[in-house]
Amino acid sequence: MSHEDIIENLIAQGEGNRLVFAPVWDEDHVAKTMSALINGEGGDLLVGVGEDGAILGLDTGPASDTELLKRLQASIVPDAPFSLTRLVYQNQSIVHVSLWAGSKKPYSCGGNIYALRDGKILLANRSEIGSLVRDRKAADYHWERQAVLGAELDDLDEKEILKTIKAYNAHKINPISGLTIEDFLIRLGLLRDGSITNAAIILFAKHPSTFLPQCRVRLTAYSGEKSGLTTSYDRQLDGHLFANFEAVMGFLEVTFGKKTRLVGMERVETPNYPPFAIREGLLNALVHRNYSSVSGSVHISIFVDRLEISSYGSLPDDLSVDDLRREHASILRNPDIAQVCYIRGFIEMLGSGTLRMINDCKENGFDEPLWSLSSNHLKLIYPDLGLGRPLRGANDGANDGANEGANDGVNDGVNEGVNEGVNEGENEVSIEGTNKRLIAELAKILKLISKSPGIKAPEIAKRSHKSIASVERYLRILKESNHIEFNGAPKIGGYFAVKPEDTPPRLPK
């Protein structure tokens, strides 16, 4: 479903406690409306739409999206969880603001607290403010915010937190210079009364399973259509949320591969899988799962005929499996985790991810995803995305990149995935047993570097006719096996061979 389809569905619902129309752009009114929605159940604001749902459009649009986002964020205290999209609908310019129900209530705008009452944005009364304060206290006892005994700042991945601070400041109209890691964690509620919270461990811990074993992710490829059969690959990932996400996506990218074709003088790559649908489905499992149970887990299973993502935890009480196939409320089980993922850009638009997953599958020629709920596990199924699916371009000899990550046998792409994106320190598999194609690709990259000392990754990608993502993975393997090294500053340095190009590449043991 496209964004335009989502707007059409919203307008058809009419205004209510979760949907407000605004005919003109009035930034003060927009900010007040947003704060009222966040203080309530969350929801959507459509600007350029009349009370009757008529599309009026905006004659003079507001500032750039980035500037507008920053100004609105500065208007609401504390930090507000929302996304903003400007689009053309029925040949008219409108703005769509989508908001979560906040976990740090009450939210204020201009020093005042607002509520949505009888379809109107009004100053909150004493009773409503009391209710918001009680909601805030209840959130403070939520599992995410409970202290992790024995956890210290040194247990967290400093580099990952610094990335998040950089993204956080990019959202601000006045970036906070000198923001320390400790101050930042306190600001986001991830460090409370001097204690690291469960959410901080899930997001940033170097070894989170030491404290919370339920945060592990299992990744398995099966040789048939049932889970009881022989596995081609089975691995448990023990990293923080971002590391696990990158590891799984890297594995799937290599396993399913991409089709490469020439358009004019440029190479255009098309994934052999629906990229948004897979990314969103995996993020939903990692962000919205029930982490509070020690028996909780996420399991990605690849069969010959399908891909499944199973996560522990039922849907919120107000949602059903059928609701996932239409516009629905964005009810967050883990708002602190979701907030950080939103800051990092992993969550782009709120409340309609499942609809866009369906649309992405359709647009890429795949069957629609299916959801099922059983024994407190939510399962997402991609019914025709499996190891036995014919890959696009697999028989096209003109496209040398068509079979990247594809199967000579079923396991060819799976074996290369063993070495892709897995947590640092986890890659203990030697080159024996991996496919010959990977060894050949590593040898080509090593030869290029040997002949052109100081060469950079983009130039290697250009000369080798590979994607920059693939080249970076090959470079990582060669660095870990001490075949190459990077010398110089990050932006001006390059790669140099350490071992002769005729030395067979091997993975570190």
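**Ser314 and two helix pairs**

Leaving aside residues up to four places away in sequence, Ser314 touches Arg333, Leu373 and Asn376, a contact being heavy atoms within 4.5 Å. Ser314 sits in the loop between β16 (307-312) and α10 (335-343); helices (H or I, at least four residues) and strands (E, at least two) are DSSP runs, numbered from the N terminus. Ser314 comes out as partly exposed, at a relative accessible area of 28%, where buried means under 20%, exposed over 50% and partly exposed in between (1.4 Å probe, protein chains only).

The model is predicted, so local features need pLDDT of at least 70 and side-chain atom pairs count only at pLDDT 80 or more, while totals for chains, interfaces and linings use all residues. Residue numbers run from 1 along each chain as its sequence is written, and side-chain values use heavy atoms, with hydrogens and water left out.

As for the chain overall, there are 15 helices and 20 strands. Of its 509 residues, 53% count as buried. Residues 24 or more positions apart supply 66% of the contacts with a separation of 6 or more.

Now to the helix pairs. Helix α9 (residues 275-288) and helix α11 (residues 353-363) have axes that come within 7 Å and cross at roughly 150°; axes are lines fitted to C-alpha atoms, for helices over the stretch in contact, and angles run from 0 to 180 degrees between N-to-C directions. That makes α9 roughly antiparallel to α11, on a scale where under 35 degrees is roughly parallel, over 145 roughly antiparallel, 65 to 115 roughly perpendicular and the rest oblique. On the α9 side the contact is made by Pro275, Phe276, Ala277, Glu280, Gly281 and Asn284, and on the α11 side by Gly353, Thr354, Arg356, Met357, Asp360 and Cys361.

The second pair is α2 (residues 27-39) with α3 (residues 65-75), whose axes come within 10 Å and cross at roughly 60°. That makes α2 oblique to α3. Here Glu27, Val30, Ala31 and Met34 of α2 meet Leu68, Arg71, Leu72 and Ser75 of α3. Within α2, the buried residues include Val30, Ala31 and Met34. The 13 residues of α2 reach 18 Å from first C-alpha to last, close to the 18 Å expected at 1.5 Å a residue, the expected span being 1.5 Å times one less than the number of residues.
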